[in-house]
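Reader: I've got a structure open and I'd like to learn how to read its overall fold and its pockets. Can you walk me through it?

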Amino acid sequence: MISITRLLCGSEYYGDSLRYRPGAGKEIHGTSPGSGPVVIWNITQSCNLKCKHCYANSESKKYEGELSPKEGLKLVDDLAAFKVPVILFSGGEPLIREDFFDLASRAAKLGIRATISTNGTLITPDTARSIKKVGISYVGISLDGLGELNDRFRGSQGAFDQALQGIRACREAGQKVGLRFTINRHNFNQIEDILYLVKEEKIPRVCFYHLVYTGRGKEMIKEDISHEETREVLDLLMEKTKEFHQKGQEKEILTVDNHADGPYIYMKMKEKDPEKAQEILELITINGGNRSGMAVGSINSLGDVYPDQFTRTHKLGSVKERSFKEIWTNEDNEFLRKLRDRKPLLKGRCSSCRWLDMCNGNFRARAEAFTGDYWETDPACFLTDEEIRAD
């Protein structure tokens with residue numbers, strides 16, 4: 001994640017303490033010395049929707065072999081013992097899992113920051129109050145357009161209205177809530193409208209995800225936006241982030257899954273405010289770029305461990321057989337060793353890019369999906385050859 005708000009405005013939020021902590025980019029086992037990674041845990045693959053870009057290939061059906069309630073609680077205990085700072089409960093649709101509140105409550109009581117990624121359609125006022133009661137720190141609700149566009153993208157008529165009601169229910173319950181928006185060819189021209197919605201609904205946070213070509217998302221490769229359009233999106237987000245800040249409307253605006261965003265923001269600011277640009281350069285250098293397999297890890301509903309939620313082609317182990325900590329710190333795992341020292345393995349434009357220390361090769365799962373080679377250039381890097389050339 002790249003916090004445009006932190007880089008441009010200096011405002012700090014919880015995630016910034018993990019992303020921009022001195023030494024963060026050098027940690028190989030977690031977010032800080034003695035701590036484990038942020039864990040995205042897909043607690044179920046079942047979902048009441050069928051989104052076009054779903055990396056988990058979720059459908060409205062029961063999946064066999066998912067972790068039992070007892071195994072789920074044990075996993076939470078193991079993650080707490082490893083000092084994992086954050087669990088993002090995801091899916092499928094996590095609220096479908098009957099013991100979700102037991103798992104979330106256990107995590108919160110053990111000092112883990114518990115968050116949830118949901119489509120929002122199942123959040124009634126009672127559900128929102130329950131989410132608040134068990135100690136969920138943040139609810140991220142996915143919207144990929146306004147009205148009918150969102151409904152087509154998510155495969156269910158009425159999904160937009162239901163998600164909006166879920167957002168309002170969370171706000172009424174005093175539960176922090178934000179939006180998740182996956183950028184693609186069909187919706188990128190609605191980003192300004194989404195930001196207007198954020199303002200009108202008093203939503204404090206929005207994450208703009210660059211499309212990753214895994215799961216059903218692989219069928220959307222040709223539906224990604226162009227490099228020039230990506231630059232236009234970043235320009236708009238920078239403009240609106242500063243506008244919110246100047247008007248005293250504090251909004252946390254972030255982009256996810258494209259670490260070329262950091263150098264681009266730096267270069268744009270260097271033209272306008274060299275002093276602020278230097279601060280940005282220091283922050284993105286501290287962050288170190290993509291942290292899959294280091295500060296970020298993923299567990300699917302079966303208990304299989306991966307470097308991140310999109311990288312499902314490289315299984316690291318199973319929590320049914322070994323603890324997450326044992327899997328994560330296993331120095332005999334050749335793939336993990338390579339991932340944590342990936343720079344010499346990177347190919348193409350990535351291998352000689354001047355921003356490599358701030359990007360770390362961008363998103364490997366997308367490179368593999370597009371080229372078949374995990375170490376090839378990420379096709380979503382929108383920086384020009386001139387911009388990445390060493391001085």
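This is a predicted model: local features need pLDDT of at least 70, side-chain atom pairs count only at pLDDT 80 or more; totals for chains, interfaces and linings use all residues.

Reader: What secondary structure does the chain have?

Author: There are 17 helices and eleven strands. The radius of gyration is 20 Å, close to the 21 Å that the globule rule gives for 391 residues, so the chain is as compact as a globular protein of that length. Along the principal axes, its C-alpha atoms fill a box of roughly 55 × 50 × 35 Å.

Reader: How many of the 391 residues count as buried?

Author: Here, buried means under 20% relative accessible area. By that cut-off, 61% of the 391 residues count as buried. As for the surface, the chain exposes about 16200 Å², and carbon and sulfur atoms supply 47% of that.

Reader: On to pockets. What volume does the largest pocket have?

Author: About 860 Å³. Its lining takes in 37 residues, and Met 1, Arg 19, Val 38, Arg 205 and Val 296 lie nearest the centre. The elements giving two or more residues to that lining are α2 (16-19), β2 (38-42), β3 (86-90), β4 (113-118), β5 (138-142), β7 (205-210) and β8 (252-256).

Reader: And how do the residues of the lining divide into nonpolar, polar and charged?

Author: The lining of the largest pocket has 18 nonpolar residues, ten polar and nine charged.

Terms used: Residues are numbered from 1 along each chain as its sequence is written. Side-chain values use heavy atoms; hydrogens and water are left out. On a 1 Å grid over the protein atoms alone, a cavity is a set of points where a 1.4 Å probe fits but cannot get out, and a pocket is an open set with protein on both sides within 12 Å along at least five of seven lines; lining residues have an atom within 4 Å of a point. Grid points are joined across faces, edges and corners, and a volume is the space filled by probe spheres set on the points. Helices (H or I, at least four residues) and strands (E, at least two) are DSSP runs, numbered from the N terminus. Ala, Val, Leu, Ile, Met, Phe, Trp, Tyr, Cys and Pro count as nonpolar, Asp, Glu, Lys and Arg as charged, and the others, Gly among them, as polar. The radius of gyration is taken over C-alpha atoms; the globule rule is 2.2 Å times the number of residues to the power 0.38. Buried means under 20% relative accessible area, exposed over 50%, partly exposed in between (1.4 Å probe, protein chains only). Accessible areas come from the Shrake-Rupley method with a 1.4 Å probe; for residues, only the protein chains shown count as cover.
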